[in-house]
Amino acid sequence: QLQLVESGGGLVQAGGSLRLSCAASGFNLGSYIIGWFRQAPGKEREGVSCISVSGSRTNYADSVKGRFTISRDTAKNTVYLQMNSLKPEDTAVYYCAAGTIMTIQSTRWYEHWGQGTQVTVSS
């Protein structure tokens, strides 16, 4: 069974940090482009970041550039999203997804999704 599981979410004060993890079971995460997306209440799901299969290329939404860092650990079959200088507007459910196209502009190229992890940033 192919499964992605996010973890690491929680409640943090503005200016704080969290590290999200995306672990895979049933398939090799290293064969996919991995994207992080988020969805706040009443808003559409938006792309946050993605990383290439090799890990050599990354993309970030303008809203998180300079604050978030995506990385992957092939040996652990896990992708991380380090989030620093968090803001209340970062509050959302964060999802990781495995796909075939290096983009955060659309979810259509992502085949496998996790169940999401809640990130809440208080002011």
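Trainee: Which residues touch the most other members of the largest nonpolar core?

Mentor: This is a predicted model. In its largest nonpolar core, which has 35 residues, L4, W36, F68, V79, L81, M83 and Y94 touch the most other members.

Trainee: Which strands each supply at least two residues of this core?

Mentor: They are strand 3 (18-25), strand 4 (33-39), strand 5 (46-51), strand 7, strand 8, strand 9 (92-99) and strand 11 (117-122). Strand 9 gives the most, with 5 residues. As a general point, nonpolar side chains tend to be buried together in soluble globular proteins.

Trainee: Let us take V79. What is it in contact with, leaving aside neighbours within four places in sequence?

Mentor: V79 contacts L20, S21, C22, L29, I34, W36, I51, I70, S71 and R72. W36, like V79, is among the core residues that touch the most other members.

Trainee: What lines the largest cavity?

Mentor: Its lining consists of L29, G30, R72, D73, T74, N77, T78 and V79. Strand 7 (68-73) and strand 8 (78-83) are the elements that give two or more residues to that lining. By class, there are 2 nonpolar, 4 polar and 2 charged residues.

Trainee: N77 is in that list. Where is N77 placed, and is it buried or exposed?

Mentor: N77 lies in the loop between strand 7 and strand 8. N77 counts as buried because its relative accessible area is 18%, and the cut-off for buried is under 20%. The phi of N77 is near 55°, a positive value in a residue other than glycine.

Trainee: Which other residue has a positive phi although it is not a glycine?

Mentor: S85 does, with a phi of about 50°. S85 sits in the loop between strand 8 and strand 9, and S85 is partly exposed, at 39% relative accessible area. For background, most residues other than glycine have a negative phi.

Trainee: Now the charges. How many salt bridges are counted?

Mentor: There are 4 salt bridges. One of them joins the side chains of R38 and E46, at 2.6 Å from N to O. R38 is buried, with a relative accessible area of 5%, whereas E46 is partly exposed at 36%.

Trainee: And which partner does D62 have?

Mentor: D62 pairs with K65, their closest N and O atoms being 3.2 Å apart. D62 is exposed, at 66% relative accessibility.

Trainee: What about D90 and R67: how far apart are their N and O atoms?

Mentor: The side chains of D90 and R67 meet at 2.7 Å, N to O. This pair links distant parts of the chain, 23 residues apart: D90 is in the loop between strand 8 and strand 9, and R67 is in the loop between strand 6 (58-60) and strand 7. Both D90 and R67 are buried. Salt bridges that share partners join R38, E46, R67 and D90 into one network.

Trainee: Lastly, H112. Why does it count as buried?

Mentor: H112 counts as buried because its relative accessibility is 19%, and buried means under 20%. H112 is found in strand 10 (residues 110-113). Leaving aside neighbours within four places in sequence, H112 contacts L2, L4, Y32, C96, A97 and A98.

How values were computed:
Residues are numbered from 1 along each chain as its sequence is written. This is a predicted model: local features need pLDDT of at least 70, side-chain atom pairs count only at pLDDT 80 or more; totals for chains, interfaces and linings use all residues. Side-chain values use heavy atoms; hydrogens and water are left out. On a 1 Å grid over the protein atoms alone, a cavity is a set of points where a 1.4 Å probe fits but cannot get out, and a pocket is an open set with protein on both sides within 12 Å along at least five of seven lines; lining residues have an atom within 4 Å of a point. Helices (H or I, at least four residues) and strands (E, at least two) are DSSP runs, numbered from the N terminus. Ala, Val, Leu, Ile, Met, Phe, Trp, Tyr, Cys and Pro count as nonpolar, Asp, Glu, Lys and Arg as charged, and the others, Gly among them, as polar. Buried means under 20% relative accessible area, exposed over 50%, partly exposed in between (1.4 Å probe, protein chains only). Contact means heavy atoms within 4.5 Å. A nonpolar core is a set of buried Ala, Val, Leu, Ile, Met, Phe, Trp, Tyr and Cys residues joined through side-chain atoms within 4.5 Å.
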